[in-house]
Amino acid sequence: MDTAETPALFTKKGLYGSLMDWAMREERFKTQLFRFVDVLPTLNSSAQIAKHLKEYLDDGRLNLSPALRTALKAGTGAAWLFGPGVKAQVTGMARQFMLGEDEKEVIAALRRLNERGIAFTVDLLGETVVSEAEADAYAARYLELMTLLARETAKWPPAGKSNESSRGPVPRLNLSIKISALYSQIHPADPETAIEKISARLRPLLRRAAELGAFINFDMESYALKNLTLRLFETIFSEPEFASGPACGLALQAYLRDTEGDLARVIAWARSQRRRITVRLVKGAYWDYETVIAQQKGWAVPVFEFKAETDASFEKLSVALLENEDAVDAAFGTHNVRSIAQALAQAERLGLDRGSFEFQMLYGMADSIKSALLQLDCRVREYCPVGALVPGMAYLVRRLLENTSNEGFLANKFAKGESREELLKNPAELAAVEQQRKAAASSDTGASGSPGVFRNEPPTDFNIESAREKIRAAIRELRGKMGRPHPLIINHRPVSSREWRPSLNPANQNEVIGQAAQATIAEAESALAAARGAQPKWMRVPAEERASLVEKLAALIRRDKAALCAMEILEAGKNWTEADADVVEAIDFCNFYAAEMRVLGKPRRTQPVAGESNFQSWRPRGVGVVIAPWNFPLAILTGMTAAAVVAGNAVLIKPSDQTPVIAARLMDLIMEAGFPPGVANLIMGPGGTVGAHLVAHPQVDFIAFTGSKEVGLKIWETAGRTPAGQMNLKKVVCEMGGKNCVIVDSDADLDEAVAGCMASAFGYQGQKCSALSRLIVLAEGHDKFMERFVAAAASMTIGPAEEPGGTLGPVISREAQQRILAMIEAGKKEAKLAWQGRVPDEPLACYVPPTIFTEVPRDSRLFREEIFGPVLAVTRARDFDEALALANDSEFALTGGCYSRSPVNIERAKAELVCGNLYINRGITGALVGRQPFGGFKMSGGGTKAGGREYLQNFLVPRVITENCLRRGFAPAEGE
Ligand code: NAD
């Protein structure tokens with residue numbers, strides 16, 4: 001095979017060549033360059049382009065080639081770099097890898113391939129589909145493209161040998177489809193709805209493909225969509241209408257550990273259906289993404305760790321494909337000469353004709369390899385992305401990364417000139433070496449899971465069917481024991497009361513989840529006496545033992561995760577994912593505070609000096625009241641309780657009236673874990689009487705409160721008084737509300753911004769303290785963003801939280817519903833009602849239609865007050881200065897965010913946005929314990945950070961003990 005010719009891509013000539021060459025040498029330059037390339041198509045003026053180019057490439061820390069440095073210094077003098085010139089350059093760069101939008105150009109390019117004897121498959125580039133309108137548009141574009149290509153290819157001379165398999169002609173018109181583009185609300189917990197919706201958009205495409213004799217391939221995208229893609233493929237092509245046509249296939253990724261099993265499944269399916277399908281075997285293009293996402297979530301990484309393992313897997317899977325040639329057609333998608341040679345050699349061993357399989361390569365890459373394969377009488381197909389530049393950027397950046405990667409075959413061959421022996425080494429042997437090296441390194445450092453270090457509990461992966469079934473079963477089980485009474489718990493003993501209050505399902509006010517005993521002042525007093533009785537002994541239990549008990553509690557919560565999720569779903573109206581996140585966070589709080597207490601439990605030497613020992617240690621405050629809200633009914637309640645008790649205090653737990661059943665379950669688990677009686681006591685009852693009484697009580701040493709500003713301020717004030725007989729200054733941990741803001745800059749990545757703002761504003765019906773409620777959009781880009789955002793909002797699925805794929809459910813109570821509806825009515829007089837959703841006509845549920853107001857003035861209630869529901873206020877800002885001023889014009893300072901791709905504006909947001917938790921280029925909810933310690937200041941709270949290193953200190957007082965070690969001039973040796 002002749003691969004001596006260096007493809008144009010890797011010559012060092014021209015802008016592209018020199019940029020790539022430099023990118024391969026300088027990692028940071030590569031990052032900055034690719035980020036610039038990513039944002040470029042959205043920049044509309046020369047000034048904007050010049051600004052971004054300077055911000056990315058002239059940041060002082062960058063090692064630039066002399067030519068590039070000169071060009072940047074020349075500023076606007078270098079016309080090609082600044083202004084439209086650079087856009088043209090990058091467009092040219094992009095066009096090396098993708099076809100444009102112009103029909104004539106697309107047809108001409110495909111025709112040229114045909115003339116060279118190369119077949120094609122066309123992929124339609126698109127933005128991330130965030131709304132149903134966009135999914136419709138995508139399907140329509142596909143239909144158009146198919147019709148156009150069918151008409152044009154019919155005029156071409158007969159297809160070359162690439163479209164002729166050993167079994168006869170194969171369809172010349174070949175389309176690759178991304179299923180994620182056909183439905184905007186894909187939810188891992190609800191694959192059934194996704195299949196139904198995607199199938200509805202696919203059927204017309206398949207019908208037309210069958211009429212035109214076209215071939216339809218399902219591309220493989222992220223791992224999260226893999227099972228859905230396989231299931232959809234099998235389901236739709238089993239439907240009687242499509243059981244025998246159109247011709248179809250799907251891609252499988254060799255870098256996934258699952259693929260061996262998936263390939264066997266696909267082959268078995270094809271056999272059972274007596275239908276030949278094509279399997280396009282690729283290596284996989286999202287390695288970084290899959291690795292990072294799995295690590296962030298604490299899930300097993302689905303891809304092989306080493307590139308050599310993927311190459312070895314590709315070879316193994318190639319053999320499996322060829323060995324099943326009677327049932328499936330193989331398409332090998334690779335640019336790696338060793339992978340290609342191996343497939344050819346295996347085919348020969350099996351006595352297969354070279355026409356019985358094909359090679360697929362990307363448009364614009366590895367041209368000399370394609371020519372060589374044609375010379376070898378092999379069939380070659382090019383994967384040709386078609387579309388506009390903005391959606392094409394993600395594709396372009398993937399190609400650029402591939403071309404500059406240290407591990408890509410092409411870069412190693414052409415740019416680095418590695419030897420033939422090196423390039424053709426057996427990947428299985430290389431993988432074995434890598435694995436040995438890794439094993440040796442981890443045994444040297446003892447790195448395999450060091451005990452005692454806090455790790456976040458992984459959320460449930462609802463892609464797994466058994467995980468979904470657990471939730472369904474838990475909901476059924478809970479329904480079987482609904483409406484039971486839940487007494488108060490004092491000294492571990494149940495205490496009844498005269499009054500009971502029902503806890504109702506927000507989706508059905510006739511459904512009583514449980515009855516909660518209502519404490520009066522008398523029970524509050526007896527609980528306080530129990531806590532005061534237990535605390536002195538409890539504080540003498542070693543910190544280590546207290547920590548172990550709290551970890552035991554975490555383990556019990558984990559054991560009962562599904563049952564607790566079911567309670568969250570029915571009692572608090574959280575959807576599956578949010579319910580799971582709340583339970584996971586409760587586990588995290590326990591484990592995190594236990595780990596922290598182990599550290600604080602050891603006295604710490606202060607400044608060393610001879611003849612004297614000085615140690616600081618921590619002492620619990622005494623007895624406290626934990627007053628919690630309903631919106632994180634388990635996590636916040638558990639977090640405040642765990643922190644207080646692990647520190648050696650005793651507590652009275654006062655949950656919200658809305659979610660007592662979850663609180664009662666937590667209390668059961670506290671008892672089961674083995675805490676001594678009296679250390680934690682459950683006091684349910686009205687905040688205004690029982691809660692207020694305890695806050696004012698002289699025998700209460702501290703209050704851990706999370707809730708509204710209104711109640712928080714009252715508590716803060718009351719706790720400041722010191723009636724006669726009170727022995728302590730009361731400590732108040734006070735976490736209150738927010739009016740959280742996100743700025744969307746004019747250069748923001750809209751795919752990310754729309755999805756992130758949607759989730760932040762409407763997740764849990766806007767009832768998170770961190771929820772987005774003020775959205776500030778830069779004037780330039782405002783209309784485009786709002787168009788996509790409103791369409792995305794209109795695509796939300798609305799229904800009871802127990803429906804697995806639901807996005808938006810009812811709000812917590814009838815009272816909350818009426819209050820929010822009144823705010824919306826009042827809001828209509830203050831601002832423009834841009835959009836309002838429709839909720840199910842279900843009088844027993846507490847639905848509030850999701851609502852978006854635009855042109856919201858800064859002095860309006862909509863802009864200033866916490867609404868705590870699915871209501872979003874949008875304000876337009878002239879420029880970034882005004883956006884920051886608007887964002888900071890609030891009495892609250894809880895969460896905030898900024899979507900921008902300008903490094904300077906990102907830095908300004910970091911420095912100037914006033915809030916406790918700031919998120920850049922991501923949603924503003926979902927803080928994780930230990931990773932994003934959470935809490936605000938100003939009227940949002942006292943500056944404490946739940947899930948942070950300093951949090952436990954709020955429940956302790958520091959003491960320092962000094963001992964004079966010098967006796968009669970004799971000092972012991974240091975350290976004794
Ligand atoms: P809320 O203030 O109405 O109630 C919170 C708790 O305080 C409940 O247990 C309630 O019974 C009790 N309470 C009420 N009046 C009392 C009084 N006079 N004395 C003592 N206790 C009293 O809040 P909510 O509706 O349950 O929760 C929603 C609020 O919580 C929102 O404002 C939200 O922003 C806030 N929140 C803040 C955070 C945070 O971390 N900053 C987290 C979650 C919720």
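Predicted model: local features only at pLDDT ≥ 70, side-chain atom pairs only at ≥ 80, totals over all residues.
Entry one: helix α25.
I looked up α25 and found that it covers residues 660-673, 14 residues in total. From its first C-alpha to its last it reaches 20 Å, close to the 20 Å expected at 1.5 Å a residue. I then checked how covered the helix is: 10 of the 14 residues are buried. Among them I noted P660, V661, I662, L666, M667 and A673. Just after α25 I came to G674, which takes a positive phi of about 105°.

Entry two: the sheet.
I traced an open sheet of three strands in the order β11-β15-β14, with mixed pairing. Its edge strands are β11 (484-486) and β14 (500-505), and each pairs on one side only. I noted an average twist of 40° from one strand to the next. Between β11 and β15 (residues 508-517) I found three bridges in the parallel sense. I also found P485 opposite Q515 in β15.

I listed 27 residues around the ligand, and the closest are A628, K654, S708, M736 and E866. For A628, I noted a backbone N or O atom 2.7 Å from a ligand oxygen atom. For G687, a polar backbone atom is 3.4 Å from a nitrogen atom of the ligand. For G707, a backbone N or O atom lies 3.2 Å from an oxygen atom of the ligand. Taken alone, the ligand exposes 850 Å², and the protein buries 87% of that. I looked up which elements give two or more residues to the shell, and they are α26 (687-696), β21 (702-706) and α27 (709-719). The largest share, four residues, comes from α26.

Definitions and conventions:
Residues numbered from 1 in each chain as written. Heavy atoms only, no water. Expected span 1.5 Å × (residues − 1). Buried < 20%, exposed > 50% of the residue type's maximum accessible area, 1.4 Å probe, protein only. Pairing = 2+ DSSP bridges. Axes fitted to C-alpha atoms, helices over the stretch in contact; angles between N-to-C directions. Near = heavy atom within 4 Å. Polar contact = N/O pair within 3.5 Å; in protein donor to acceptor, adjacent residues only side chain to side chain. Areas by Shrake-Rupley, 256 points an atom, 1.4 Å probe, with all protein chains shown as cover.
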